[in-house]
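Please open the model in your viewer and keep the selection panel at hand. The tour below moves from one selection to the next and says what is to be found at each stop.

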Amino acid sequence: MALLWALAVLSLLPLVGAESPECASMTGTPLTNATLEMLSGKWFYAASAFRHPEYNQWAKTVPSAVTYYTYNQTENVVYFRAYITQGDKCVYNASHMDIQWENGTLSRTVQGVQYLAHVVPTKDPSIYIFAYHPEDKEKMGLSLYANTSQVTPEQMSEFHVAAKCLGFEVSEIITTDETKSLCGPLEQQHEEERKKKLEEAAQA
C-alpha cells in the first residue's frame with residue numbers, strides 16, 4: 001500500500017544537475033495557495049518512467065489510475081482519493097499529504113517511511129509532473145497526470161522534456177490506457193454516496 005500511495009500521489013523532489021533552461025525550471029519551488037488550488041480536482045495518471053525495478057514493475061501492471069485532490073487550507077493538508085487499476089482488480093486508497101510551504105514539499109509517512117515531494121512547474125496547467133529520487137540514478141522516476149483521460153502531443157512532449165532532464169529515453173516511458181480501467185463502478189458508487197451526504201447535510 002505504501003508503494004501504491006507513493007507512486008499514485010507523491011510528487012517531485014528537487015531535480016539536481018539540471019543544465020538546460022527547461023531542466024532548471026523543474027527545480028522545486030515554495031508551494032502557494034494557487035498551486036494547491038490548481039491541483040484540486042480529478043486527475044488521470046497518463047504516463048511514467050522509473051529506474052527502480054519495483055516501481056517499474058508496478059507501472060507495467062497499472063494501465064489506469066485516477067486521483068482526486070482536495071486542498072484544505074484550514075488544516076494545511078491536501079486530501080486525496082486514488083482509484084488504481086492494478087492487474088485484474090481496483091485498488092482504492094484515501095488519505096492526506098502534509099504541506100511544507102517554504103520547502104515546496106508535500107509529505108506523508110507510511111509504515112514508518114516518509115515520502116517527500118516537490119511539485120514541478122509545467123507550462124500547461126492542465127497537466128502536472130511528479131518525480132521521485134532524482135538524486136539516485138537507480139531509483140529515480142517521474143509520472144505525468146492530466147485533467148482529461150487523453151493527453152495531447154504537446155502535453156506528452158513536455159513530459160518527454162522532463163524525462164530527458166532525468167536521463168530517461170523516450171522508449172523507457174510507460175503510457176496508460178483509461179479504457180482498461182476497472183475502477184469506474186467503485187468511483188461512481190463513491191460519488192453517489194458523496195452527493196447523498198451533501199444533500200442530507202444541506203437539508204439538515
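How many disulfides does the count come to, if a disulfide is taken as a pair of cysteine sulfur atoms within 2.5 Å? By this rule the count comes to 1 disulfide. This is a predicted model, in which local features need pLDDT of at least 70 and side-chain atom pairs count only at pLDDT 80 or more, while totals for chains, interfaces and linings use all residues. Residues are numbered from 1 along each chain as its sequence is written, and side-chain values use heavy atoms, with hydrogens and water left out.

**The disulfide**

Select Cys90 and Cys183, whose sulfur atoms lie 2.1 Å apart and form the disulfide. The torsion about the S-S bond of Cys90 and Cys183 is about 115°, so the disulfide is right-handed. Cys90 belongs to strand β4 (residues 89-100) and Cys183 to the loop between β9 (174-175) and α6 (184-203), so the pair ties together parts that are 93 residues apart in sequence. Here helices (H or I, at least four residues) and strands (E, at least two) are DSSP runs, numbered from the N terminus. Colouring by accessibility sets the two cysteines apart: Cys183 is buried, with a relative accessible area of 2%, whereas Cys90, at 26% relative accessibility, counts as partly exposed. Buried means under 20% relative accessible area, exposed over 50%, and partly exposed in between (1.4 Å probe, protein chains only).

**The whole chain**

Zoom out to the whole chain, where the secondary structure comes to 6 helices and 9 strands. Of its 204 residues, 45% count as buried. The chain exposes about 10,500 Å², of which carbon and sulfur atoms supply 51%; the accessible areas come from the Shrake-Rupley method with a 1.4 Å probe, and for residues only the protein chains shown count as cover. Among contacts (heavy atoms within 4.5 Å) between residues at least 6 apart in sequence, 65% join residues at least 24 apart.

**Helix α4**

Next select helix α4 (residues 53-60), and within the helix Tyr55, Asn56, Trp58 and Ala59, which are its buried residues. Seen down the axis of α4, these buried residues fall within an arc of 160°, so they line one face of the helix; the arc is that of the directions from the helix axis to the C-beta atoms. The face of α4 turned away from the buried side carries the exposed residues Pro53 and Lys60.

**Aromatic pairs**

Now show the aromatic side chains, among which the structure holds 11 aromatic pairs. Rings of Phe, Tyr and Trp (its six-membered ring) pair if their centres lie within 6.5 Å, and planes under 30 degrees apart count as stacked, over 60 as edge-to-face and the rest as tilted. Tyr45 and Trp58 are buried. Move on to Tyr68 and Tyr83, where the ring centres are 6.1 Å apart and the planes stand at 80°, so the pair is edge-to-face. Here too the pair links distant parts of the chain, Tyr68 lying in strand β2 (residues 64-72) and Tyr83 in strand β3 (residues 77-86), 15 residues apart. Both Tyr68 and Tyr83 are buried. To see one aromatic cluster, select Trp43, Tyr45, Trp58, Tyr69, Tyr128, Phe130 and Tyr145 together.

**Charges over rings**

Then select Arg51, whose charged end sits over the ring of Phe168, 4.5 Å from its centre. A charge sits over a ring if NZ of Lys or CZ of Arg is within 6 Å of the ring centre and within 35 degrees of the ring normal.

**Backbone stops**

Which loop holds Asn76? Asn76 is in the loop between β2 and β3, and its phi is near 60°, a positive value in a residue other than glycine. At 27% relative accessibility, Asn76 counts as partly exposed. Finish at Gln111, in the loop between β5 and β6 (113-118), which has a positive phi of about 50° although it is not a glycine. Gln111 counts as exposed, at 71% relative accessibility.

Terms used
A disulfide is a pair of cysteine sulfur atoms within 2.5 Å.
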